[in-house]
Amino acid sequence: MASQIDQQQVKHVAELAKLEFNDAELAKFTPQLGSIIDMFEELQEQNTDGVDPMYSPTDRVNVMREDVAVKSNEREALLKNAPDTEGGLIKVPAIMDDESEDGE
Amino acid sequence: MKFNDTDLTQLHADLQAKKVSAKELTKAAFDRIKETDDDVKAFITLNEDEALKRAEAIDNEGIATDKLLAGVPLAVKDNIVTKGLKTTAASKMLENFTPIYNATVIEKLNDQDFINVGKTNLDEFAMGGSTENSAFFTTHNPWDLTRVPGGSSGGSAAAVAAGDVIGALGTDTGGSIRMPSSYNNVVGLKPTYGRVSRWGAIAFGSSFDQIGWITNSVKNNALLTQIISGQDDHDMTSSDRQVPNWAASLNENTNVKGLKIAVPKEYLDEGIQPGVRTVINKALKHFEELGAIIDTDVSMPHTKYGVPAYYILASSEASSNLQRYDGIRYGFRAPDAKTLEEVYVKSRTQGFGDEVKRRIMLGTFSLSAGFYDAYFNKAAKIRTLIAQDFANVLKDHDLIMGPTGANPAFEIGSEIADPKTMYMNDILTVPVNMAGLPAMSLPAGFDNGLPVGLHIIGKAFDEQTIYNAGYVFEQTTDFHKQTPKLGGQD
């Protein structure tokens, strides 16, 4: 497996993560990520056949509690943290592109 | 007034006897902060008006016998949400974020009438080991202002070391309580995974994160940790095990006679700076003289895989946890975003700092199609092997000891350009989080005037044995009594 990550791959992963890098940033991040991924490669030398993966140290499973409704009236407080609001709603740019907007 | 060497039980008694008032204590904390924080920069947000008002109210109500923390000023890491008080995670993304609820640990402290003096600096979203990744400023080490305080709970450790408060909350995902404690000559304990509710700790790596305290003494740490521990309906991983009164057994009868301490050879190998090794060997010798049995014929062969496996798993969890920052409901939204897609991409690109982006990238990569088995799942299997290393050693030993860090605090700016070197600093702390065990960093001595921490690792939910050993060491040494020369005091 190729251990080095190239700029094309970094761009692809950035797209998946909803991030954007300009050319200068790509030139900086690519070797940094490459050297860390090289370090990740060291794990391959350890045989893990038959070893179960561990995703959490917790010993709790399926913790249940009563489904109790509680009153919550925090709409205004919540909206205070929203970047843009209108009429008690969170405002975002148009979701449809221009063409579909014409059809509205 | 100096109270930063105070024992909490004594402080509580003095408050009850009206030898000191909550307002005097709180004023003293802010006086000290004003004296030191221009240099140290431990705090992002100070809560002065509210804290003084609260202290006055508590003085008027009287100090309740069952509220150990009534009127006691403490600090909170700024990735733990506080209702009505700005909580930034040291990120531009949350620069103007004011939570509408309290973390469970804050609710528990409020029940005790504690005084929140303010929110401490950290590496952005707790990602880093120096506070240099804070979007706002770097905290300086009170022992040497040209050096880092460690991270990510660097502000909390520096605030305690500077004598601002006797305790500050931190979070520890891969060493973020213990490493700064080591660099600042203070006591930091990461409790067992599940001991403390994570509700309200801004999520980074959810299977690693744990809230704990950085304090001026072992006993204060035990008292404070007991208060924040316990099962919580808001966090299904929080344990319903009984929370012991750890401090009750810290007294003149506490001893380490016959205690079996393992020192794995990997923990003192050539990667550890000679000055650190000297301090730790002396500390181990001290335990031996106190009657403990030191076993150096121990190996934890998978230690070297801890850093790569941790950075795959924790970054993967981070890439998922940080998806919520999309510029829509709260947090930063890029002013130049014209479409919904641009709101996501530009807000995240402009709102996150470089280290957070690196972790998101590493995590997204490790989880992506074609790489999942080779990276994420491989690392999860290595995690099992690391947990087994601990289980094997702790089967016939009470504790594991070694240095917290391979080196003392480094110069500000010296490692920031080299993320991999920065990650390797965590080699001794991350395995503990992978296994979910409790561990403490304890003042153990100095290397060229810089503090060195002893790392004490225990069995799951056996914080008591760690506290016992730490307490005995502290009572028979005076490293913890040494404080940095700062702000005209020593």
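Trainee: What makes up chain A, in helices and strands?
Mentor: This is a predicted model, and chain A has four helices and two strands in it. Starting at the N terminus, the order is α-α-α-β-β-α. Of the 104 residues in chain A, 14% count as buried.

Trainee: Which way do the residues of β4(B) point?
Mentor: Gly167(B), Leu169(B) and Thr171(B) go one way, Ala168(B) and Gly170(B) the other, and all are buried. In a regular strand, side chains alternate between the sheet's two faces.

Trainee: How do you know that β2(B) and β4(B) pair?
Mentor: Pairing takes at least two bridges. β2(B), residues 73–77, and β4(B) have two bridges, in the parallel sense, so they count as a pair. Val76(B) sits opposite Leu169(B) there.

Trainee: And what makes β6(B) a partner of β4(B)?
Mentor: Five bridges, in the antiparallel sense, link β4(B) with β6(B), residues 211–215. Ala168(B), for one, has Ile214(B) as its bridge partner.

Trainee: How many residues of chain A are in contact with chain B?
Mentor: 41 residues of chain A, meeting 54 of chain B. α2(A) gives the most to that side of chain A, with six residues. By type, the side divides into 25 nonpolar, seven polar and nine charged residues.

Methods. Residues numbered from 1 in each chain as written. Chains lettered and ligands numbered in written order. Predicted model: local features only at pLDDT ≥ 70, side-chain atom pairs only at ≥ 80, totals over all residues. Buried ≥ 20, exposed ≤ 12 C-beta atoms within 10 Å, placed from the backbone. Contact = placed C-beta atoms within 7 Å. Nonpolar A, V, L, I, M, F, W, Y, C, P; charged D, E, K, R; others polar.
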